[in-house]
Structure formats: structure tokens, C-alpha cells
Amino acid sequence: MADQTNHNQAGEVAPSTVDKQAPSVSEEHAPSTDSPEATDIPTANAPDPKAANSEDSPNSAKPAAASAKREKPAAAAKAAAGEKPAAATEEKPAAAAKAAKKEKAPAVEDKPFVEFIEQDYLPALQKAIAQQGVQDLEVSFAKQKMPITGFESAEECWQIIGKWKETGLRQFNLYFPEEDIQGKKGFSCNEGKKPSTLESFLIDERRITLDLLVYGLVQRLDGQKWLGIN
């Protein structure tokens, strides 16, 4: 027996500690046969998390480079579309606002009726008539009855009255029954007698302006031979 035991010991190799532990390690980490399950046994192909997230890793620079490439086409597209920086676009509204204020300056014709006649029309009319050689014309502005035969019962209306001082006979009246230079207007004139005719005045014009109102009356007086050397 001693010889046989010694023979076995001499002819067989005793199992290593690794072989003894291998079954227990594999059983501990091996998934069950009932359902698949991930193991925590490290493998040679798995990437190192530290290496993947490291700033020195070549993969970490790819996202920044990709975003830079996306930003360049966007900037090029804005430049091609003619877009300017915010500072330049902010100047345009301010300049447009200033231009709008200048354009919206009210015209003299938009003033209240009485204010327009007294401040703008009468001075312009007297100047224009004086340039025709008439120096003794007296012009006034009043609201009164029409001095025309047959209009005694008519309501009072605003009138421009012109009288020549030297002769004291020539007189004209320009009527504004609607108190509006764009509304109906009438004209009458006489030489020492009460006028009997009421004429329409500038009825074919779409819009009456200061210059047109002055020109129209000067032309009518010139047609009456009351201007210049007449």
C-alpha cells in the first residue's frame, strides 16, 4: 500500500489552486440558464471609461470641432442674405423716425380755417396784389351777410373784402359759406353799386392750396381790369 500510494503521488500532478478556484468563480459570475443577464466580469475589449472621457483623448475634440463647422455655414448664410450686425440695424429705426417726423410736418392748408386766412392767406394775397402795381387796396376778413341782391335772408358767412381806397368804388368779396377752403366758395365784385351776381370760385380744383387760392383771386381781379395800370 505504501508503494502504491507513493506511486500515485509520484505519477500524478496535484491540481493547482487556480483550478480549484475556477469553478467557484465561473459559477459566481456566470448568468443563470433561465434568463440572460449581464455580468461584471471585465473583458479585454471594453473601453476604459477614464480614457474615453479624458481631455487628452482624441475623441473629446470631435464635438467641439463639429459645432465649429456648423457655426461657420450659419454665419456665411447670414452674410449672404445681407444681414448686418445688431448695432447697424438699430441705427435704421432711429433715422427712419427722424425722417418720418420731417415728412409729417403739417401743411399751412391743414390749419384751422380762421387761423389759415389771417396768418397765411391775407398776407400772401396783399403781397401778390401789390406786385401787380396796386398800392391802395385795403383787405379785411369778417363774418357777415352777403351784400348781394336776393341773399338778404341768407346766413352770415366768412368773407374776404377788398376795397380800393382812392376811388372808394371798387370792391370785391370772396365767400366761404362752409368755413373750409376745400369747400364751396363764391365771388362777387362791384363799382359803387350793389352786386347782383354770385359767381362760383375755383370749383374745378380737387385740392385748394395757398398758392392756388392766391393765384385764382389775382387772375379774377386781373380779368376785371382792376390790376396794374387798368
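**Entry 1: Glu 199 and Arg 220.** I looked up this pair and found that their side chains meet in a salt bridge, 2.8 Å from N to O. The term means a side-chain nitrogen of Lys or Arg within 4 Å of a carboxyl oxygen of Asp or Glu. The pair links distant parts of the chain, with Glu 199 in strand β5 (residues 199-200) and Arg 220 in helix α7, 21 residues apart. I noted that these elements are DSSP runs numbered from the N terminus: helices are H or I with at least four residues, strands are E with at least two. Glu 199 is partly exposed at 27% relative accessibility, and Arg 220 is partly exposed too, at 22%. For these words, buried is under 20% relative accessible area, exposed is over 50%, and partly exposed is in between (1.4 Å probe, protein chains only).

**A note on the model.** I have to remember that this is a predicted model, where local features need pLDDT of at least 70 and side-chain atom pairs count only at pLDDT 80 or more, while totals for chains, interfaces and linings use all residues. Residues are numbered from 1 along each chain as its sequence is written, and side-chain values use heavy atoms, leaving out hydrogens and water.

Entry 2: How many salt bridges does a search of the whole structure find? I got 6. One of them joins Lys 143 to Glu 179, with the closest N and O atoms 3.0 Å apart. This pair also links distant parts of the chain: Lys 143 is in strand β1 and Glu 179 in the loop between β3 and β4, 36 residues apart. Lys 143 is partly exposed at 39%, and Glu 179 is partly exposed at 37%. I also found Lys 111 bridged to Asp 120, closest N and O atoms 3.0 Å apart. Here Lys 111 is partly exposed at 27%, but Asp 120 is buried at 15%.

**Entry 3: the core.** Next I looked inside. A nonpolar core is a set of buried Ala, Val, Leu, Ile, Met, Phe, Trp, Tyr and Cys residues joined through side-chain atoms within 4.5 Å. The largest one has 32 residues, and those with the most contacts inside it include Ile 117, Tyr 121 and Leu 217. Elements giving two or more residues to this core include α6 (113-130), β1 (137-144) and α7 (210-223). The largest share, 8 residues, comes from α6. I then checked Leu 217: leaving aside residues up to four places away in sequence, it touches Tyr 121, Leu 125, Phe 172, Leu 174, Phe 187 and Phe 201. Touching, or contact, means heavy atoms within 4.5 Å. In soluble globular proteins, nonpolar side chains tend to be buried together.

**Entry 4: rings.** I found 7 aromatic pairs in the whole structure. Rings of Phe, Tyr and Trp (its six-membered ring) pair if their centres lie within 6.5 Å; planes under 30 degrees apart are stacked, over 60 edge-to-face, and the rest tilted. Phe 141 and Trp 158 are stacked, 4.5 Å centre to centre with 20° between the planes. Phe 141 lies in strand β1 and Trp 158 in strand β2, so this pair ties together parts 17 residues apart in sequence. Trp 164 and Phe 172 are edge-to-face, at 6.2 Å and 70°, and both are buried. Trp 164, Phe 172, Phe 187, Phe 201 and Trp 226 form one aromatic cluster.
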